[in-house]
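Have a look at the structure first, then read on.

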Amino acid sequence: MTEFIVPQTSAERQNRSTPQDRIRRWVWKLCIATLILMAIGSATRVMNAGLACPDWPLCYGTLVPRAQMNLQVFLEWFHRLDAALIGVGAIALTVTSWWNRRQLPNWLPWAATFSLGLIMFQGVLGGLTVTQLLRFDIVTAHLGTALLFFITLLVMGTALTPYQGTGTAGKLPWLGFTAAILIYLQSLLGALVASRWALHQCLTVKALCSVMYSHIGFVVLPSLAIITVVWMSWRTPALHPTLRLLANMAGGLLLLQILLGIATLRLHLQIEPLTVAHQVVGAALLGSLVTFAVLGWRDRASLVTAR
């Protein structure tokens with residue numbers, strides 16, 4: 001990601017072993033692991049494996065339930081394992097940030113601590129999803145907290161990545177930030193639809209249709225916001241290539257997400273990979289907008305510094 005935003009000079013290569021550089025690489029790795037974790041969590045839900053392990057934090061009273069292992073048990077067990085590894089990674093990130101705080105930006109140890117608090121809260125919600133038998137509000141909060149953790153990591157990683165702005169971003173960061181908030185709210189509505197199985201109930205017994213329609217109808221607002229971001233990016237002269245690329249990426253992901261949503265609806269959630277892809281693309285879309293907004297603000301800051 002660093003090399004993608006700005007080519008490294010020989011001096012930067014010599015500083016690859018600095019604490020900030022190591023932390024930056026660690027943050028991006030946690031970002032990727034979190035995206036994978038959300039994909040596994042989505043697969044666990046669509047495969048009805050959320051209660052495949054009836055107890056928590058162990059699974060059938062053991063660390064590795066070999067005797068009970070099947071696809072559903074594996075999904076739930078592996079989901080917990082990946083979450084635990086990310087939790088250990090967040091602890092290491094926080095400890096390292098405070099240990100090297102004098103060589104790091106002042107905000108970084110606090111941001112790392114906040115991310116650790118989110119992942120700890122996420123673990124509590126994960127346990128409650130099992131003990132409370134997949135109660136829909138807890139399941140929705142579980143995904144919402146995962147996305148907040150993902151956003152926090154993206155902000156940290158993007159803020160730490162070397163970037164030479166052109167000072168032409170203007171109001172684009174605010175547009176990107178607004179679009180990101182709307183996508184986050186849309187993701188929460190999608191989680192509510194999934195956790196209450198609103199699509200199935202609406203199509204079969206005509207129940208919870210308002211929940212499903214709210215998710216479908218609300219898509220107009222984030223779509224208009226993202227289209228505005230893309231359009232304004234095209235019209236902004238001398239915009240940094242990375243910002244323009246992120247805007248185009250958001251537009252492409254939006255189109256893909258809409259197509260996946262239509263396919264999921266028409267196929268009545270019968271194709272599990274489509275449902276998983278729908279959630280993963282939504283998270284990637286949110287991530288591209290967050291990265292765009294943070295880089296945009298850094299671009300504006302470079303203009304102020306130049307003055």
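Let's start with a helix pair: the axes of H7 and helix H10 (residues 220–235) come within 9 Å and cross at roughly 155°. This is a predicted model, where local features need pLDDT of at least 70, side-chain atom pairs count only at pLDDT 80 or more, and totals for chains, interfaces and linings use all residues. Residues are numbered from 1 along each chain as its sequence is written, and side-chain values use heavy atoms, with hydrogens and water left out.

**H7 with H10**
- H7 and H10 are therefore roughly antiparallel to each other (angles over 145 degrees count that way; they run from 0 to 180 degrees between N-to-C directions, with axes fitted to C-alpha atoms over the stretch in contact).
- Their crossing is left-handed, as the near helix is turned anticlockwise from the far one by less than a right angle.
- On the H7 side, the residues that meet H10 include Leu172, Leu175, Gly176 and Ala179, with contact meaning heavy atoms within 4.5 Å.
- Among their H10 partners are Leu221, Pro222, Ala225 and Ile226.
- The residues of this contact divide into 11 nonpolar, four polar and no charged (Ala, Val, Leu, Ile, Met, Phe, Trp, Tyr, Cys and Pro count as nonpolar, Asp, Glu, Lys and Arg as charged, and the others, Gly among them, as polar).

**H7 with H9**
- Helix H7 (residues 172–195) also packs with helix H9 (residues 209–218), at an angle of about 155° and with the axes 9 Å apart.
- H7 and H9 are therefore roughly antiparallel to each other, and their crossing is left-handed.
- Leu189, Gly190, Leu192 and Val193 are among the H7 residues in this contact, and Val211, Met212 and Phe218 are among those in H9.
- The residues here divide into eight nonpolar, four polar and no charged.

**Helix H8**
- Which residues of helix H8 (residues 198–205) are buried? They are Ala198, Leu199 and Cys202 (buried means under 20% relative accessible area, exposed over 50%, with a 1.4 Å probe and protein chains only).
- Seen down the axis of H8, its buried residues fall within an arc of 105°, so they line one face of the helix; the arc is that of the directions from the helix axis to the C-beta atoms.
- The cover over them includes H7, H9 and helix H11 (241–266).
- On the other side of H8, Thr204 and Val205 are exposed.

Conventions. Helix = DSSP H or I, 4+ residues; strand = E, 2+ residues; numbered from the N terminus. Parallel < 35°, antiparallel > 145°, perpendicular 65-115°, else oblique.
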